[in-house]
Amino acid sequence: MEKLIEVTSGICGISTKQVSGCIKLLEEGATIPFISRYRKEATGGLDETEVEKIRNTFNSLKELEKRKTTILETIKEQNNLTPELEKKITDCYDSSIIEDIYLPYKPKRKTKAAIAKERGLEPLAGIIMKQDVRSPDSEAKRFLCDEIEEISDALDGACDIIAEWISENINARNTVRRVYSYEAEIISKIVPGKEDEGIKFKDYFEYHSILKRIPSHRLLAILRGEKEKILKVTLKADDDKIISQLDKIFIKGSSPAIEYIKKSIKNSYKRIIKPSIENEILSNAKEKADNEAIRVFAENLRQLLLSAPLGQKRILAIDPGFRTGCKVVCLDEHGGLLHNETIYPLPPQSQTSKSMAKINTLITTYNIDAVAVGDGTAGRETENLLKKMRFERSVQIFMVSEDGASVYSASKIAREEFP
């Protein structure tokens with residue numbers, strides 16, 4: 001727990017003491033609005049956006065810890081867990097790096113490399129990988145047997161093993177990941193014969209764009225078309241550029257073994273690394289597009305929910321209360337704040353006459369059309385007082401739900417609207 005708090009503190013840029021206090025409250029079941037409004041002394045005055053960031057970061061790290069535990073147990077069962085490897089995984093808090101570290105130990109189906117290892121070709125692969133052998137063919141002769149009758153078969157098997165080693169190399173994967181992240185192009189084409197059925201996707205029958213720059217709604221539409229088997233979607237990157245960069249990582253000097261290393265690099269990239277990174281990059285792009293779509297939907301919904309139910313009317317709104325008084329605001333036709341203050345018409349202060357006179361003055365001064373009273377504590381008592389009053393102008397009185405008001409009032413957007 002202490003380590004997770006420390007890492008959360010570093011990621012969020014908030015002191016460990018504040019993070020610790022916040023996590024303790026969250027673990028006890030306290031909500032974000034409650035913590036940000038009523039437990040400032042425990043968090044050092046964190047606002048709701050900081051509390052939310054701490055919660056999300058801490059929860060992500062907890063999930064990562066579970067994944068690390070599974071990975072460590074799997075490697076331990078294989079008798080491959082060294083103190084150095086355990087420390088490397090334990091100290092890492094980047095999920096992509098952890099998965100790359102785990103890749104060589106991840107249980108695999110029976111691959112070409114696995115078959116080659118079963119046939120005893122791993123030592124030959126190691127010899128070729130070192131690139132200091134004078135004659136790969138001569139070395140391969142030593143591995144001929146009933147299952148491996150030709151030198152070419154032995155060398156092909158060794159290349160399959162080398163290809164797997166390359167695919168598990170963190171530096172190699174990051175190289176491919178970097179090119180795809182910045183330069184990959186997404187291409188969509190119509191599946192032959194689906195033109196009529198997929199007419200709603202006609203804009204994407206022949207479409208291409210840099211993945212990094214594609215608008216989120218277009219990406220989601222393309223992926224929907226693929227899911228409905230209307231579109232065929234591919235990612236394209238500069239394969240020659242990537243292979244050239246991988247050559248620089250693995251090829252050392254000049255040696256007869258280089259042609260086999262180059263063959264293994266190309267095989268590893270096209271058969272193993274490329275499909276894996278493409279899936280990863282496309283998945284990340286979809287997640288970002290989903291988040292953007294949710295943001296746009298939320299903003300549209302917000303505008304709908306905030307549309308005035310009475311139309312453009314001037315409103316006097318009251319948040320009732322006993323000890324702390326009734327908070328009163330006057331709003332214009334567009335929801336703009338005209339006036340705010342606190343009155344005390346109810347016990348224990350019981351300044352009823354003074355408070356009602358104040359409300360009457362505000363209604364007249366700001367040409368109020370309707371009064372809204374919150375249905376929380378002291379709501380009915382306040383409504384009853386208002387209904388007994390006689391106003392100088394015709395005014396409607398409504399009891400309104402306070403559901404969500406507390407959450408909203410402690411939000412970033414509320415502070416931006418009414419600082």
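Against which helices do the buried residues of helix 1 pack? They pack against helix 2 (16-27) and helix 5 (48-77), where contact means heavy atoms within 4.5 Å and helices are DSSP runs (H or I, at least four residues) numbered from the N terminus.

This is a predicted model, in which local features need pLDDT of at least 70 and side-chain atom pairs count only at pLDDT 80 or more, while totals for chains, interfaces and linings use all residues. Residues are numbered from 1 along each chain as its sequence is written, and side-chain values use heavy atoms, with hydrogens and water left out.

In helix 1 (residues 2-12), the buried residues are Leu4, Ile5, Val7, Thr8, Ser9 and Cys12, buried meaning under 20% relative accessible area with a 1.4 Å probe and protein chains only. After helix 1 comes Gly13, whose phi is positive, near 70°.

Helix 2 and helix 5 pack at an angle of about 75°, with their axes 10 Å apart; axes are lines fitted to C-alpha atoms over the stretch in contact, and angles run from 0 to 180 degrees between N-to-C directions. The two helices are therefore roughly perpendicular to each other, a term for angles of 65 to 115 degrees. The residues that make this contact are listed below.

| Helix | Residues in the contact |
|---|---|
| Helix 2 | Val19, Cys22, Ile23, Leu26, Glu27 |
| Helix 5 | Val51, Ile54, Arg55, Phe58, Lys62 |

Leaving aside its neighbours within four places in sequence, Tyr180 is in contact with residues including Leu235, Tyr269 and Ile281.

Notes. Buried means under 20% relative accessible area, exposed over 50%, partly exposed in between (1.4 Å probe, protein chains only). Angles under 35 degrees count as roughly parallel, over 145 as roughly antiparallel, 65 to 115 as roughly perpendicular and the rest as oblique.
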